[in-house]
Amino acid sequence: MHAVRNIRLCTKDCLCLYVCPTGATDTENGQIDFSKCVRGCRACVDACPSGAISLVPETLPPQQNKTGEVKARLRALAAAKARQQTLVQGLADRAESPVQRQFARALAQSNQLMAEDLLREAGYMVPQSGEAKAFLEGLLAEPQPGDFPAGAARKLLELL
Ligand code: SF4
Ligand code: SF4
């Protein structure tokens, strides 16, 4: 286990800086220094008043096995949510009143979060699941639009 900081929750009161025995929490970029963190010490986690720091395992546990049919249904649902997101985002872009715009944006974000959850469940966001690797390889094997970030996809594949 090692500590990670959610910078969005951090109120910068610096308590974690006082308690960390190695200075791992005191970094220029706001992230906890992985190389200095004493695995599992959790002093910063207990000190943080904002719940901004948590401990994460070095490696994720194996993903629960799902049948091909369940995965296919999860992917279909995720695709439907992505289509809905595109539609309501279009409504948000054309909305005339601020209330309509805000409502449509909230719907778009909600659909995006649901699509992300469904893809995660289908294995695409867990690197060691194999699906994420196959997905990236599939993208690189197929013709893609000119602005497709092929370099980033290759780099991700190297890291998986
Ligand atoms: S878990 Fe311990 S060593 Fe790691 S950052 Fe927090 S206080 Fe520092
Ligand atoms: S203790 Fe928590 S809120 Fe305070 S600086 Fe550290 S991470 Fe941020």
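A residue is called buried if 20 or more other C-beta atoms lie within 10 Å of its own, exposed if 12 or fewer do, and partly exposed in between, the C-beta atoms being placed from the backbone. The structure described here is a predicted model, in which local features need pLDDT of at least 70 and side-chain atom pairs count only at pLDDT 80 or more, whereas totals for chains, interfaces and linings use all residues. Residues are numbered from 1 along each chain as its sequence is written, while chains are lettered from A and ligands numbered from 1 in the order in which they are written.

The protein chain contains six helices and two strands, where helices (H or I, at least four residues) and strands (E, at least two) are DSSP runs numbered from the N terminus. Read from the N terminus on, the order of these elements is β-α-α-β-α-α-α-α. The radius of gyration of the protein chain, taken over C-alpha atoms, is 20 Å, well over the 15 Å that the globule rule (2.2 Å times the number of residues to the power 0.38) gives for 160 residues, so the chain is more spread out than a compact globule. Along its principal axes, the C-alpha trace spans about 50 × 45 × 35 Å, and buried residues make up 12% of the 160 residues. Two residues are taken to be in contact if their C-beta atoms, placed from the backbone, lie within 7 Å; among contacts between residues at least 6 apart in sequence, 57% join residues at least 24 apart.

The domain assignment, whose bounds come from an automatic or database source, divides the protein chain into domain 1 (1-58), domain 2 (68-125) and domain 3 (130-160). The centres of domain 2 and domain 3, taken over C-alpha atoms, are separated by 22 Å.

The surroundings of the two ligands were examined next, a residue being near a molecule if its C-beta atom, placed from the backbone, lies within 6 Å of it. Around ligand 1 there are 14 residues, of which C20, A24, C37, C41 and C44 come nearest. Around ligand 2 there are 13 residues, and here C10, L15, C16, C48 and A52 come nearest. For the classes, Ala, Val, Leu, Ile, Met, Phe, Trp, Tyr, Cys and Pro count as nonpolar, Asp, Glu, Lys and Arg as charged, and the others, Gly among them, as polar. On this basis the shell of ligand 1 holds 11 nonpolar, two polar and one charged residues, and that of ligand 2 holds eight nonpolar, two polar and three charged residues.

Most residues other than glycine have a negative phi. K12, which lies in this loop, has a positive phi of about 55° although it is not a glycine, and with 11 C-beta neighbours inside 10 Å it counts as exposed. C14 is placed in the loop between β1 and α1 as well, its phi is positive and near 70°, and because C14 has 12 C-beta neighbours inside 10 Å, it too counts as exposed.

Helices α3 and α4 can be described together. Helix α3 (68-94) has 27 residues and reaches 39 Å from its first C-alpha to its last, close to the 39 Å expected at 1.5 Å a residue, the expected span being 1.5 Å times one less than the number of residues. Helix α4 (residues 98-121) has 24 residues and reaches 34 Å, close to the 34 Å expected. The buried residues of α3 are A78, K81 and V88, and these pack against α4. In α4, A108, N111, L118 and L119 are buried, and what covers them includes α3. A92, placed in α3, is partly exposed because it has 18 C-beta neighbours inside 10 Å. Leaving aside neighbours within four places in sequence, A92 is in contact with R101, A104, R105 and A108. Just after α4, G123 takes a positive phi of about 100°.

A132 is partly exposed, with 18 other C-beta atoms within 10 Å, and L156 is partly exposed with 14. L156 and L136, 20 residues apart in sequence, are 8.2 Å apart in space, C-alpha to C-alpha.
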